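Open the model in your viewer and keep the selection panel at hand.

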Amino acid sequence: LFDSGIGGATVLREVRRRLPAEHLLYLADQARCPYGPRSPDELRAIAAACARWLIDHRAKLVVVACNTASAAALSDLRARFPATPFVGMVPPVKPAAARTRSRVVGVLATPATLAGNLLHDVVARWADGVQVVSQPCPGLVEQIEAGALDTPATDDLLRRYLAPILNAGADTIVLGCTHYPFLTPRIRALAGDHVTL
């Protein structure tokens, strides 16, 4: 598995729970973190380098444990390394659209994830009749990487990013970045009990 820094550890934890007998290798690419503000070309190059490193270390399958890298590079990785299966991330709009009562779903994600085709395809396919409010969240990954999970600065960012989603009437919020589950307690506290994450 790879991601920019510690975010993919949320995916690693789930893979470990579901596949306890597998040998897992996690590349936390902190040297190039965050991925969110990077261009698609740069993200494809970074993802290819990370995948090459994992394959060189005998990975039989690569999990792109990052919504941003998946949005920009998943199809490129599959074409570049056809002998290796790749599993990517996409914000879980499908289950959110199925659960919402207000018919409004918010998506918190990096700018690059929001610009990628993966999210647009999922929204078009699974969110029929549901308003999807996409909110870019620059700076959140950096706060998480710094360990600033429960700070006034992080809360200020979260309030600013949650406001348009909550003002639109969302009762369901999608965490569209593998880093964001580290902020679940703060998001719950700021969004309110009526909102499902």
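How many disulfides does a search of the whole structure find? The model is a predicted one, and the search of the whole structure finds zero disulfides.

**Stop 1: Cys137**

Select Cys137 and show its side chain. Cys137 takes part in no disulfide. Its nearest cysteine sulfur belongs to Cys177, 8.5 Å away, whereas a disulfide needs two cysteine sulfur atoms within 2.5 Å.

**Stop 2: Cys177 and Cys66**

Now select Cys177 together with Cys66. What is the distance from the sulfur of Cys177 to the closest cysteine sulfur? That sulfur is in Cys66, and the distance is 6.5 Å, which is too far for a bond. Is Cys177 buried or exposed? Cys177 counts as buried, at 8% relative accessibility.

**Stop 3: the sheet**

Switch to a cartoon view and colour strands E5, E6 and E7. These three strands form an open sheet in the order E6-E5-E7, with parallel pairing. The edge strands are E6, residues 131–136, and E7, residues 172–175; each of them pairs on one side only. Looking across the sheet, the twist averages 20° from one strand to the next.

**Stop 4: E5 against E6**

Keep strand E5, residues 104–109, and strand E6 on screen. The two run parallel and are joined by six bridges.

Terms used. Residues numbered from 1 in each chain as written. Predicted model: local features only at pLDDT ≥ 70, side-chain atom pairs only at ≥ 80, totals over all residues. Heavy atoms only, no water. Pairing = 2+ DSSP bridges. Helix = DSSP H or I, 4+ residues; strand = E, 2+ residues; numbered from the N terminus. Axes fitted to C-alpha atoms, helices over the stretch in contact; angles between N-to-C directions. Buried < 20%, exposed > 50% of the residue type's maximum accessible area, 1.4 Å probe, protein only.
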